[in-house]
Amino acid sequence: MAWTPRTADVLKTAAAFKLAQSALADDFAERWAVVLAGTTAADLAGSMTSLGAQYRAAVTEAAEASYALAVSYYRLVRALETGHVIGGPGFKPRSSLGSLWSDFNGRVGRRVGTGPREVLPSLTRDPFPARDVERIAKDADAAFREHVREKAEKVRKDRPKPSGGLDDPELIAWEKEFQESLASGSTGAGQTIAQDGGRDVIHQTIHDDPGALGYFRDPSPGACYRCVMLASRGAVFKSRSAAAAKFHDHCKCQPVPIFSRRYRLKESTQHAVDLWKQFVRETGGGNQEDFRTWLHHKGYRKRR
């Protein structure tokens, strides 16, 4: 008997994955904010080694959680669309949709769905890439160097000398601006590395999994013009998928893998597709800058 893809459940799972990824990024941001809050510009130089280690640990921990979440998500979506369970990390013999849902629910911290306990056919092949903790740590160190160490060395020279002691309003205002500047870049970069722990897994697995057809990009409300344009491509099949696999700092887009020709785009992606079609109808088409200008004239506002 042919398997009927459970499209509604796939879209529900994709929405939950996106929220869970965003929560991981937010948890990292809160953790890093607490660390930065206890550090002033005056004592930054002496705290750099400790700060770097804490940043690396926070990013790595979030990225590993994202990896485990993505594996669970991919395995569940694949089973929902094909009726088969793929091997790899966390694979359990005699898995069912019920057990896959249970694992995914545990990863996202809430009950998203349930399924029958009938055992599904299993494929022992492992298409998932191994955890690359060393690469994540190197990426975190590079981000810290760019957004904290180098920035701190550059702006420390501009620190005003307090004329009224440490309560000097000018110094207090400068310290606040300095903290915000330091946090913005390092937080965005860390959140990207953390979420890429899962996003990279999905993209790499799609290429190594014979049962995967491709993916589509799920943008968030207020996504940047580039992300809207990438999402407007709709389904991106394997031969072209590498071109849209990158995510910028502060990006909240997530990939949704496709295993069946009977897939359905999420509403956010379909909206982007419709916007691009309207752009082509009205202007004849163009590049990213043309699309950005057109969206701006239409009143589209990207998230700050």
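Figure 1. At 3% relative accessibility, serine 96 counts as buried, where buried stands for under 20% relative accessible area, exposed for over 50%, and partly exposed for values in between (1.4 Å probe, protein chains only). The model is a predicted one, in which local features need pLDDT of at least 70 and side-chain atom pairs count only at pLDDT 80 or more, whereas totals for chains, interfaces and linings use all residues. Residues are numbered from 1 along each chain as its sequence is written, and side-chain values use heavy atoms, with hydrogens and water left out. Serine 96 belongs to the loop that runs between β1 (85–86) and α3 (97–108); helices (H or I, at least four residues) and strands (E, at least two) are DSSP runs, numbered from the N terminus. Leaving aside residues up to four places away in sequence, serine 96 touches Pro116, Arg117, Glu118, Val119 and Leu120, a contact being heavy atoms within 4.5 Å. The loop between β1 and α3 also holds arginine 94, which has a positive phi of about 60 degrees although it is not a glycine. Arginine 94 is exposed, with a relative accessible area of 66%, whereas serine 96 is buried.

**Figure 2. Threonine 82 and its polar contacts.** Threonine 82 lies in helix α2, which covers residues 44–82, and at 19% relative accessibility this threonine counts as buried. The side chain of threonine 82 reaches the backbone oxygen of arginine 78 at 2.7 Å, while a polar atom of that side chain lies 3.2 Å from the backbone nitrogen of histidine 84. A polar contact is here a pair of N or O atoms within 3.5 Å; within protein, one must be able to donate a hydrogen and the other to accept it, and residues adjacent in sequence count only if both atoms are side-chain atoms. When residues up to four places away in sequence are not counted, threonine 82 touches Trp3 and Phe259.

Figure 3. Cysteine 227 is buried at 1% relative accessibility, and cysteine 251 is buried with a relative accessible area of 1%. A search of the whole structure finds zero disulfides, a disulfide being a pair of cysteine sulfur atoms within 2.5 Å.

**Figure 4. The open sheet β4-β3-β5.** Three strands form an open sheet in the order β4-β3-β5, with antiparallel pairing. β4 (236–237) and β5 (254–258) stand at the edges, each with a single partner strand, so one side of each is left without a neighbour in the sheet. Strand β3, residues 214–218, pairs with β4 in the antiparallel sense over two bridges, and two strands are taken to pair if DSSP finds at least two bridges between them. Within this pairing, glycine 214 stands opposite phenylalanine 237 in β4. The loop between β4 and β5 contains histidine 250, whose phi is near 70 degrees, a positive value in a residue other than glycine. Histidine 250 is partly exposed, with a relative accessible area of 40%.

**Figure 5. Helix α7 and the elements packed against it****.** Helix α7 (residues 267–283) has 17 residues and reaches 24 Å from its first C-alpha to its last, close to the 24 Å expected at 1.5 Å a residue; the expected span is 1.5 Å times one less than the number of residues. The buried residues of α7 are Thr269, Ala272, Val273, Leu275 and Phe279. Seen down the axis of α7, these buried residues fall within an arc of 160 degrees, so they line one face of the helix, the arc being that of the directions from the helix axis to the C-beta atoms. The buried residues of α7 pack against β3, α6 (225–231) and α8 (288–297), while the face turned away from the buried side carries the exposed residues Glu267 and Arg281. After α7 comes glycine 284, whose phi is positive, near 90 degrees.
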